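Open the model in your viewer and keep the sequence panel beside it. The tour goes one selection at a time, and each stop says what to look for.

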Amino acid sequence: MNRVLWVPGTDWLHAICHCGAERDFDDPVALWDWLLAHPEGHR
Ligand SMILES: [Zn+2]
C-alpha cells in the first residue's frame, strides 16, 4: 500500500511505497512520479 504523510512544521511530504521504500519530497508531482515509477529508484 502506498502512503503519503505530511511532515508537520515543514513543506515536505514523506512517501512510503508498498515495497517499503521511503523518500521525502517538497513537490507533490515529483512524489507521485517517484511512487508510480516503482520499481525505478526503489530498493
Ligand atoms: Zn516501490
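## Stop 1: a leucine in the helix

Select Leu 31, which lies in helix 1. The model you are looking at is predicted. Is Leu 31 buried or exposed, or something in between? Leu 31 counts as partly exposed because it has 18 C-beta neighbours inside 10 Å, and a buried residue needs 20 or more.

Keep Leu 31 selected and show its surroundings. Which residues does it touch, leaving aside its neighbours within four places in sequence? The contacts are Val 4, Leu 13, Ala 15 and Phe 25.

Ile 16 and Leu 31 are 15 residues apart in sequence, and their C-alpha atoms are 9.9 Å apart in space.

## Stop 2: strands 2 and 3

Stay on Ile 16 and look for its partner across the strands. Glu 22, in strand 3, is the bridge partner of Ile 16. Select residues 13-16 for strand 2 and residues 22-25 for strand 3. These two strands pair in the antiparallel sense, over 4 bridges.

Strands 2 and 3 form a hairpin, with 5 residues between them. Click on Gly 20 in the turn: its phi is positive, about 105°.

## Stop 3: strands 1 and 2

Select residues 3-6, which are strand 1. Strand 1 and strand 2 run antiparallel and are joined by 4 bridges.

## Stop 4: after the helix

Go to residues 28-36, helix 1, and move on to Pro 39 in the segment after it. Show the backbone from His 38 to Pro 39. The peptide bond there is cis, with omega near 10°.

## Stop 5: the whole chain

Clear the selection and zoom out. The protein has 1 helix and 3 strands, and along the sequence they follow the pattern β-β-β-α. Its C-alpha atoms fill a box of roughly 30 × 15 × 15 Å, taken along the principal axes.

How many of the residues count as buried? The figure is 2% of the 43 residues. Of the contacts with a separation of 6 or more, 8% come from residues 24 or more positions apart.

Note on methods:
Residues numbered from 1 in each chain as written. Predicted model: local features only at pLDDT ≥ 70, side-chain atom pairs only at ≥ 80, totals over all residues. Buried ≥ 20, exposed ≤ 12 C-beta atoms within 10 Å, placed from the backbone. Contact = placed C-beta atoms within 7 Å. Pairing = 2+ DSSP bridges.
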